[in-house]
Amino acid sequence: MYEGLTFESKQAVVDAIKQFHFMHSFNFDVVENKSDKYVVMCNQYGRGCYWRVRLSFSKKHKRWELKKINGIHICTTSIISQDHVKLDLSVIAHNIVHLVKINLGIEIETLIIDMLQRFGYIVSYKKSMDN
């Protein structure tokens, strides 16, 4: 992620931030979520990590833009998990819908393996089935 990066939609912004955090085993909190502004910060903000990012919608370009990144993630998670708290149903559904469309009888285990390869996390059987 870098300043000036643009996105087609707010959902693309949310997905990119989640994916960044999956890949680096970080976690974040949404600070501001408005129709034209989205701000997130590390959930360890103020306790050693000062990473914070601000995105806004550009009326001129009709795209979302990463306007400002404060600090870098210097935190590490003390808990090793097989699942990421932000790897929620909407992210899973968005990433597996094409697999299910191709093969309606696809095995849940196949979907779990796909998520493991994409994000490095083992999605619970329940999360996979709920989609």
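## Ile113 in helix α3

Ile113 lies in helix α3, helices being DSSP runs of H or I with at least four residues, numbered from the N terminus. Ile113 is partly exposed, with a relative accessible area of 47%; buried means under 20% relative accessible area, exposed over 50%, and partly exposed in between (1.4 Å probe, protein chains only). Ile113 and Val123 are ten residues apart in sequence, and their C-alpha atoms are 8.4 Å apart in space.

This is a predicted model, in which local features need pLDDT of at least 70 and side-chain atom pairs count only at pLDDT 80 or more, while totals for chains, interfaces and linings use all residues. Residues are numbered from 1 along each chain as its sequence is written, and side-chain values use heavy atoms, with hydrogens and water left out.

## Helices α2 and α3

The axes of helix α2 (residues 89-102) and helix α3 (residues 108-119) come within 11 Å and cross at roughly 120°. Axes are lines fitted to C-alpha atoms, for helices over the stretch in contact, and angles run from 0 to 180 degrees between N-to-C directions. The contact (heavy atoms within 4.5 Å) is made by Val91, Ile92, Asn95, Ile96, His98, Leu99 and Val100 of α2 together with Leu111, Asp114, Met115, Arg118 and Phe119 of α3.

## Cysteines

Zero disulfides are found in a search of the whole structure, a disulfide being a pair of cysteine sulfur atoms within 2.5 Å. Cys49 is in no disulfide, and the nearest cysteine sulfur, that of Cys42, is 3.7 Å away. Cys42 is buried, with a relative accessible area of 1%; Cys49 is buried, with a relative accessible area of 1%.

Definitions and conventions: Helices (H or I, at least four residues) and strands (E, at least two) are DSSP runs, numbered from the N terminus.
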